[in-house]
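Reader: Hi, could you walk me through this structure? I am new to it and would like to take things slowly.
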Amino acid sequence: MAPRQKRCNFVTRSSSPRSALRDFLESESAGGMLLIFAAALAMIIANSALGADYHHAIHAVTGPTLTDKLGPMTVHLWVNDGLMAIFFLLVGLEIKREFVDGRLASWDRRRLPMIAAAAGMAVPAVIYILLAGGTAGLAQGWAIPAATDIAFAIGVLALLGKRAPTSLKLFLVTVAIVDDMGAVAIIALFYTAEINMLALGAAALLLGVMFAVNRAGVKHLAVYLLLFALLWYAMLLSGVHATIAGVLAAMAIPFERTPGAPDSETSPLHRLEHGLHPWVAFAIVPLFGFANAGVDVRGLGVDQIFAPLPLGIAAGLFFGKQVGIFGSVWLAVKLGIAGKLRGATWLQIYGVSVLCGIGFTMSLFIGGLAFPGNALLIEEAKIGILMGSLVAALTGFAVLRFAPLHPDHSGIETSSDAEIARDGDVSDTSEVRPATAG
């Protein structure tokens, strides 16, 4: 199905207020297509006569020295440390919305995606350590295959049109959001350099001011965005990666709960999330992909492609994600911990588990943090990420394209579309939980 089809068949037309879910699925699916194009374009340019010009432009000095650690700002630094903070701000807004008034608002609904996300991060890390951890200097890359790229994966699902059940799309989104929470924690805890306590204290003070402004009832987004910019700079100086400021700032944005109803048009969090989605999906993430995916593979031999680092990452993404996510979902259902996804067959659940092996954006980001200043290892990491993500995308798409549909696929999809049109979300994407294990 052509990717330009309106709404990509995720939802039906409705006169109801726009929902965050509706905007998210539409922007992520179309943005995923653009991300794929941007990454492919970067690869083509990097392996052409323009390769040297590409790398020169990406690393061209374009600003002052904000910290001694980073040195003069370059295009690459502005994208990875600046624009990606806005990406993380959106991630934080999505996390807050889902936990306060979304599909993760209760423990019963959090259980399955949390189990799947945890297993989907742990198994790839174990596989990486087994294949690459024994090589000197590579152990710190264990978290590279642990992340799932929402935009890329949703973009692949969009190509399937109505064949992809709504429950699968929402399961993928919720798993990836929990996955992002884990990735943020990993970046903060394991990829933080020396701490500047004065700057970290300033960041804590600014965050406290943001929460105080929230408690005072201030809803003007300009106030929060100004404080977010100051928080970003304080985090940049502190040694904790500056993008963490985005997630922290999101927690302080005022939010109006609307249980069982469309999103409030006056809620600052909803307004900011709606406003950021197109910029992140259609500009920031594709630009990040273009700036980071350009790997010169000319002259690479089999030995280099299957060296411990790229092999460990690729195997972690492709095998680790599907084993961890599908295995944990299957066990959770069989043990009666959660119900099976409504309207989805086991083969379709396996297919979306494979798609979770697309680790492009966050994996590239963590790869740069794992091997700072080591261009060779960063390039090898990119090769592994691209290999694993590409194989996961193609395999997952093939499984979902040819998997038989649920016997009541049309009826369940019609019901889900109607529910989204009515209150902006789907209240339950699981079948009734089995009474007993087995």
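Author: Let us begin with α14, where 10 of the 11 residues are buried, so this helix is largely enclosed by the rest of the structure. Please keep in mind throughout that this is a predicted model.

Reader: Ok, which residues of α14 are buried?
Author: The buried residues in α14 are F360, T361, M362, S363, L364, F365, I366, G367, L369 and A370.

Reader: Switching to pockets: how much space lies in the largest pocket?
Author: The largest pocket holds about 900 Å³ of space. Rolling a probe the size of a water molecule over the atoms shows where empty space is left.

Reader: How many residues line the largest pocket, and which lie nearest its centre?
Author: The lining is made up of 39 residues, and those nearest the centre of the pocket are H76, G368, P372, G373 and I378.

Reader: Which helices supply at least two residues of that lining?
Author: At least two lining residues come from each of α2 (51-58), α3 (75-101), α8 (221-238), α10 (268-292), α14 (360-370) and α15 (375-402). The helix that gives the most to the lining of the largest pocket is α15, with 6 residues.

Reader: How do the lining residues divide into nonpolar, polar and charged?
Author: Of the residues lining the largest pocket, 20 are nonpolar, 15 are polar and 4 are charged.

Reader: α3 was on your list, so where is the kink in α3?
Author: The kink in α3 is centred on M84 and amounts to about 35 degrees. From its first C-alpha to its last, this helix of 27 residues reaches 37 Å, which is close to the 39 Å expected at 1.5 Å a residue. It is also mostly covered, since 22 of its 27 residues are buried.

Reader: What about α4, how far apart are its end C-alpha atoms?
Author: The end C-alpha atoms of α4 (residues 107-132) are 36 Å apart, and this agrees with the 38 Å that its 26 residues should span at 1.5 Å a residue.

Reader: Now a lysine: why does K321 count as buried?
Author: K321 has a relative accessibility of 1%, and therefore falls under the 20% cut-off for buried. The place of this residue is in helix α12 (residues 308-334).

Reader: Which backbone oxygens does the side chain of K321 reach?
Author: The side chain of K321 reaches the backbone oxygen of A146 at 2.8 Å, and a polar atom of that side chain lies 2.9 Å from the backbone oxygen of G120. Looking at C-alpha atoms instead, K321 and A117 are separated by 9.1 Å, although they are 204 residues apart along the chain.

Reader: Where does W330 lie, and is it buried or partly exposed?
Author: W330 lies in helix α12 and counts as partly exposed, because its relative accessibility is 39%. Its C-alpha atom is 8.5 Å from that of W346, which is 16 residues away in sequence.

Reader: Last one: where does K340 lie, and what does its side chain do?
Author: K340 lies in the loop between α12 and α13 (346-355), and a polar atom of its side chain is 2.6 Å from the backbone oxygen of A344. With a relative accessible area of 15%, K340 is buried.

Methods: Residues numbered from 1 in each chain as written. Predicted model: local features only at pLDDT ≥ 70, side-chain atom pairs only at ≥ 80, totals over all residues. Heavy atoms only, no water. Helix = DSSP H or I, 4+ residues; strand = E, 2+ residues; numbered from the N terminus. Expected span 1.5 Å × (residues − 1). 1 Å grid on protein atoms, 1.4 Å probe; cavity = no way out; pocket = protein on both sides within 12 Å on 5 of 7 lines; lining within 4 Å. Points joined across faces, edges and corners; volume = space filled by probe spheres on them. Nonpolar A, V, L, I, M, F, W, Y, C, P; charged D, E, K, R; others polar. Buried < 20%, exposed > 50% of the residue type's maximum accessible area, 1.4 Å probe, protein only. Polar contact = N/O pair within 3.5 Å; in protein donor to acceptor, adjacent residues only side chain to side chain. Bend = angle between axes of the 7 residues up to and from the residue.
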